[in-house]
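Hi,

Here is the structure I promised to send you. Have a look first, and then read on for my notes.

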Amino acid sequence: MMKTTRNRIASPGVAAALLSTVLLLPAALPAADGAGDGDIPRTASGRPDLTGVYDIATLTPLERDPKFGDNLYLSPEEAEEIARTVADRRAADLEASDPTREAPPPGGDGSPGAAGNVGGYNDFWLDYGSRSISIDGRFRTSLVFDPPNGRLPEMTPEAQQKRMAFFTLFRENTGTAWWLENDGPGPYDDIEQRPLGERCILGFGSTSGPPMLPTAYNNLKRVVQTEDYVMILAEMIHDARIIRIGGAHLRDGMTAYMGDSVGRWEGDTLVVETRNFGKKPGMYAYGAGESLKVTERFSRIDEDTLNYSFTVEDPTTWETAWSGEFPWPAADGRVYEYACHEGNYAMGNIMRGARLLEADAAAAAGGGE
């Protein structure tokens with residue numbers, strides 16, 4: 001079954017199953033917005049034309065490696081070394097496998113890749129870029145630039161407890177219904193408890209956003225712009241995000257998985273404020289919830305590049321707001337349909353398997369047939 005996803009309105013039942021004010025970017029933001037550049041593409045009305053297909057894959061992580069401290073920049077030599085190391089690893093991963101090799105031990109042998117981890121895609125299917133991002137000719141150590149350490153702010157005590165409870169649902173598959181040993185609902189009691197990405201509803205890792213972040217593969221974004229709307233089609237699960245230009249937000253209580261996005265032009269920069277998220281926004285894996293607010297800025301650097309910057313605020317999750325930015329370079333390819341078969345076919349088996357394990361547990365306890 002192929003799915004076409006939209007800016008769906010999230011029902012309270014689905015959102016509750018498990019697991020504004022505009023924020024201006026700091027004045028120190030060193031992004032170039034292309035303002036006043038007569039060479040950038042423009043619409044008939046004179047607005048910068050953001051239309052195009054972009055590939056946002058990059059080796060630059062969202063959060064900075066602590067070894068870099070408050071240093072926002074990589075030297076050219078450091079950036080080259082990162083690119084070379086990744087290229088060498090990929091070349092090794094693409095070598096033909098030994099057909100006479102033994103099966104990996106239960107749980108994997110600890111080595112990176114699909115074989116060591118017993119499952120998942122091999123390197124052929126991955127595309128997380130070949131270079132670190134460069135802004136104003138300087139390589140970055142992270143997408144996040146504020147806080148200055150390039151890392152997400154401290155989480156609130158409530159968010160930390162919520163996150164710990166979430167991760168207790170991820171355990172090694174021992175072939176037993178381990179969740180019956182715990183009080184409260186189990187992770188397989190209801191199909192709506194399963195993650196949105198697993199259910200082919202929303203791309204994982206905030207690829208559809210907002211903010212729209214790079215991931216391990218399917219990093220293309222297609223932008224279609226009119227005078228009244230901007231549509232951004234994400235390659236991952238082909239989520240189509242609709243941004244209205246002008247107007248008011250949805251009233252409180254009306255929520256969507258990707259929030260309600262309203263844009264306005266500030267000179268040559270499209271500023272987009274998004275709120276009215278459900279309880280499981282794209283940033284749910286990072287701890288965000290329905291109090292999330294995101295302000296994005298789209299601007300043209302040149303004919304082939306957009307600059308994308310964002311500020312994230314969720315006072316129920318993080319102690320302070322945080323900001324990041326990275327360029328969107330134009331891509332030659334097209335965004336093809338993403339048919340999310342794995343989740344569609346496997347979902348029934350996940351739930352059936354849980355029922356079988358529960359029946360085994362009941363039989364072992366003398367309560368089954």
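Predicted model: local features only at pLDDT ≥ 70, side-chain atom pairs only at ≥ 80, totals over all residues.

**The core**

The largest nonpolar core has 34 residues, and Trp322 and Trp328 are the ones that touch the most other members. Five strands each give at least two residues to this core: S7 (229-234), S10 (269-275), S11 (293-302), S12 (305-313) and S13 (322-329). S12 supplies the largest share, with 4 residues.

A separate core of 6 residues lies apart from the largest one, and among its members are Cys200, Tyr217, Met236 and Tyr338.

**A buried arginine**

Is Arg90 buried or exposed? Its relative accessible area is 15%, so Arg90 counts as buried, the cut-off being under 20%. Its side chain reaches the backbone oxygen of Gly129 at 2.7 Å. Besides Gly129, Arg90 is in contact with Leu59, Asp123, Tyr128 and Ser130, leaving aside neighbours within four places in sequence.

**Backbone details**

There are two cis peptide bonds to point out. One joins Asp146 and Pro147, with omega at about 15°; Pro147 is in the loop between strand S5 (144-146) and helix H4 (157-167). The other joins Gly209 and Pro210, with omega at about -10°, and Pro210 belongs to the loop between H4 and strand S6 (220-225).

For Asp136, phi is near 55°, and the residue is located in the loop between strand S3 (134-135) and strand S4 (138-140). For His238, phi is about 35°, and this residue is placed in the loop between S7 and strand S8 (240-245).

Which way does each of them fall, buried or exposed? Asp136 has a relative accessibility of 53% and therefore counts as exposed, since the cut-off is over 50%. His238, at 7%, counts as buried because its value is under 20%.

Happy to talk any of this through once you have had a look.

Best wishes

Terms used:
Residues numbered from 1 in each chain as written. Heavy atoms only, no water. Core = buried A, V, L, I, M, F, W, Y, C linked by side-chain atoms within 4.5 Å. Buried < 20%, exposed > 50% of the residue type's maximum accessible area, 1.4 Å probe, protein only. Polar contact = N/O pair within 3.5 Å; in protein donor to acceptor, adjacent residues only side chain to side chain. Contact = heavy atoms within 4.5 Å.
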